[in-house]
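Work through the exercises below with the structure open. Try each task before you read its solution.

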Amino acid sequence: MTARVGVVTFPGSLDDADAARAVARAGAEPIPLWHGDRDLRGLAAVILPGGFSYGDYLRCGAIARFAPVMGELIPAARAGLPVLGICNGFQILCEAHLLPGALTRNAGLRFIDRVVRVRIEDTGTPWTADYDQDQEISLVLKSGEGAYVADPATLARLTSSGQVVARYAGGNPNGSVGDIAGVRNDAGNVVGLMPHPEHAIDALTGPGTDGLGFFTSVLRAMADQ
Amino acid sequence: MSGAADTVTRAAATPGQPQPYAELGLTTAEYERIGELLGRRPTDAELAIYSVMWSEHCSYKSSKVHLRRFAESAPPSAALLAGIGQNAGVVDIGQGYAVTFKVESHNHPSYVEPFQGAATGVGGIVRDILAMGARPIAVMDSLRFGPADAPDTRRVLPGVVSGISFYGNCLGLPNIGGELAFDPCYRGNPLVNALCVGVMRHQDLKLAAARGTGNKVILFGSRTGPDGIGGASVLASATFGGSDSAKRPSVQVGDPFMEKLLIECCLELYAADLVTGIQDLGAAGVACATTELAAGGGTGMDVDLDVVPLRDPALGPAEILMSESQERMMAVVEPGNVGAFLEICARWGVLATVIGEVTGSGRLRMTWRGEQVVDIPPASAADEGPVYQRPIQRPAGQDALQADDPAALPRPAGGPELRGTLLSLLASPGLADKSWVTEQYDRHVRGNTVLATPEDAGVIRIDEQTGLGVALATDGNGRFGLLDPYAGAQLALAEAYRNVAATGAVPLAVTNCLNFGSPEDPGVMWQFSEAVRGLADGCAALGVPVTGGNVSFYNQTDEAPIHPTPVVGVLGVHADVTTRVPIGLRTEGAPIVLLGRTAAEFGGSAWAQVTHGHCGGRPPEVDLAAERALAVVLTQAAAEGLLEAAHDLSEGGLAVALAECCLDQGIGCQVTLPGDLFTQLFSESAARAVVAVRPGSERALAALAARHGVPASELGVVAGDSLVVTGRTGQASTGQASTGQASFDIPVVELAAAHRGTLPSLFE
């Protein structure tokens, strides 16, 4: 039976179709989840896609965090459900306190759409197992509020416990502290990533296929369970 | 007397009551014509409707007699499913798909308030496309500003770019291309032209027509507020003696989040087949939507203005009608479908209200606070507005302008001078790298962007299984337009057509945005008439129909109008986007071939502009048969996989094109040019492209070019990490004593430094 991965659509989600396409390209079946759903339908992994949920009103991700589907997702993630938040999804996971830190305005105060180099520093998560340690990959970064920040104690803890999943390599595009591009929770099942792996699954429409590993990794993690 | 409505009864009883028609932009003759149409003076609400519907913007009253040429001389095209007069033209692209695309100006709002002006420009054109039944899939922007270093440009440009970025990104539409140009003529008159393209299945086509007596009229989307109704304020204060609601902003404010919900909501409504007619609300708001829907259906409509959801309860009927609040649509729905319609709207959090119904009366009737405030034949406002044959006069200075030939200008001679000329062109704001702008736009969202800026055209995949896709390019050149508006319009068309073909797409249809000065200036009307004639003739010669467009007049401050700037958008089709051809050189040793013929043509060129601040003489010669032949060679070569890169030649000629080909991937080339090196490098002769041939395909390309009569000269090969140019310099006509060998070598990193530094240093 094909593995099923949920992709949540909030009002204002934009990269949901792209995340679903990446899931399918990796060989799994994407299952749409609606923000108003109160049921994760037994899915074994969930992606919170990029976009401007609720228009980024109040703060990016601040309103989405209270959507009914999050009422189901938050306890499930705490119990070990693999969850990947991409861009706005990362912001939502931080607002939901599933991940430490926060995302703030880019250093240049402008939206950036750019292909960036990213180094995968933790291959122990269900989303990154198919990469090599310190492998450098090309992904699309596209965000206005992508600068990762955290207090010094949190940063020290993230570093010492290996919770930085990815860092920008070859230049910091947005002022993220420590060049951080992605982090995970303590347990490793919840990963937030600012660049978009779903936009790097086909050389025809993106910078290559480097992003596919996030989706094949989770497929393998689900098969191993 | 606040709250008392100017009713139909009252209007009939008080024929002599003075009305502020002049403040609303109507002439005395136009006002009297309304009285004749109605058999009485209009009510204030009716006056509001006529004033906006008969405005230049909505009625095309000065341009109509000229625009008829587009339909009259349109080439026969089986591809056109809906044409001029609809919200946007619709073109069959095969496999059951149709696309709709249109470009529209938001020049004046963007000057007054750059951020919101540009943002709502994107929002407006996206709703036009949505109203045709299509899913919007991409946007583009053609931007023109005053001198790049002028203080006002530093106010306007960053605001316009961030407004487009804010709205388009939040909407989830990839921005795949456009233009950025600078010229002193746009100081105080920036041009902000936004294009949107959408896709649908043939059977999903929707038209703006209210049909079926008893069908309900539903207003949905944002509430109606006091946005963009400066004109109506005149009415309000004149009628009601002033009230708090008279102080209101006249620039609309955009909410892209609501527009995103509106898009998804509409697409779900279409999929459920719940809509019989639909219209977006843009300029002239409810007034425009109700009159056009009723006129389009040849029916009548009763509307209750009391139920229109308002942001400001103090709004009167005239203001409700004229409000340009964004993110609103109007649908005509069968009574049995209203429940399902409202349910889908609720699911998307979109406010929807039944405000009226279709009648068989042939009258548009509206009530407010229980009284009749509007009772008019809808076509009289929508279709039967004034039409003007404005005086036309070729400007007195036109001959002198054309006589001011750039042949007399000093030219660079040896290798070092030619090298310096190329670097200065690459660093000039109009030709410099646009990343500072385009990086602010999301070009990746939806995952179907195959090519985007700085490629020749944006290419979007439509069907993932078959690879069917479309290519779009917009082009315009105000300097060519000034020197010869007929040729200038054709050159803009030819460039966009060539750009689309350079990616391998077959050009199919045309849209346009005609940016001009005041139509009350006979010189401007001559420019306009010439440009329309040129574009219509050009489209006929190239076999691509105009599917729709937009006219923006009054782009002038004080005496000086802008250069005539027709911006032309061409849409092409890729049967399979995997065969698309990018501009970047990739493979060492691949032969570089120039397609087309080069003559010494420098009138209105980038070289004359950048080096000498000169704009005179004649623009490059137009040869549409050559353009057509070149496009056939480019598209066939792409389909047969003969090319690894192709780039059209336009501003800055072969020199700038080769530099851009090198810059894309950081790979150089070595070329030897025949004839005078300066002419070969910087002439802007049309109907040319430079290509890098896939090794082994040289003979096939040469045969293909020969078959279509397109000159093909092999210039050199892709090699190393420098642009290396060799040739002869000097020619008898410039008075130089001798001719000789000349060459120069520019490392790609040096090209990049010149190309990439300009915009950040100006705008950061």
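**Exercise 1. A sheet in chain B**

In what order do the strands of the open sheet of seven strands that includes E23 (chain B) run, and what is the pairing?

Solution. 
- Some ground rules come first. This is a predicted model: local features need pLDDT of at least 70, side-chain atom pairs count only at pLDDT 80 or more, and totals for chains, interfaces and linings use all residues. Residues are numbered from 1 along each chain as its sequence is written, with chains lettered from A and ligands numbered from 1 in the order in which they are written.
- Read the order as E23-E25-E22-E26-E24-E27-E28 (chain B); the pairing is mixed. Strands are DSSP runs (E, at least two residues) and helices are DSSP runs (H or I, at least four), numbered from the N terminus. Two strands pair if DSSP finds at least two bridges between them.
- Now find the edges. Strand E23 (643-648) and strand E28 (740-747) of chain B each have a single partner strand, so one side of each lacks a neighbour in the sheet.
- The twist from one strand to the next averages 20°.

**Exercise 2. One edge of that sheet**

Describe how E27 and E28 of chain B pair, and find the helix that lies across them.

Solution. 
- Strand E27 (residues 722-729) of chain B pairs with E28(B) in the antiparallel sense, over eight bridges.
- Take one position: Val725(B) stands opposite Phe744(B) in E28(B).
- Helix H26 (residues 748-756) of chain B lies across both strands, at about 75° to E28(B). Angles run from 0 to 180 degrees between N-to-C directions, and axes are lines fitted to C-alpha atoms, for helices over the stretch in contact.

**Exercise 3. Two helices**

At what angle do H5 and H20 of chain B pack, and how far apart are their axes?

Solution. 
- Helix H5 (residues 64-72) and helix H20 (residues 522-542) of chain B pack at about 5°, with axes 9 Å apart.
- H5(B) and H20(B) are therefore roughly parallel (angles under 35 degrees; over 145 is roughly antiparallel, 65 to 115 roughly perpendicular, the rest oblique).
- Contact means C-beta atoms, placed from the backbone, within 7 Å. Residues in this contact include Phe70(B) of H5(B) and Phe528(B) of H20(B).

**Exercise 4. The whole chain**

Is Ala208(B) buried or exposed? Then step back to chain B as a whole.

Solution. 
- Ala208(B) sits in the loop between strand E6 (191-201) and strand E7 (216-221) of chain B.
- Ala208(B) is buried, because 22 other C-beta atoms lie within 10 Å. Buried needs 20 or more such atoms, exposed 12 or fewer, and partly exposed is in between, with C-beta atoms placed from the backbone.
- In chain B, buried residues make up 63% of the 764 residues.
- The secondary structure of chain B comes to 27 helices and 28 strands.

Key. Contact = placed C-beta atoms within 7 Å.
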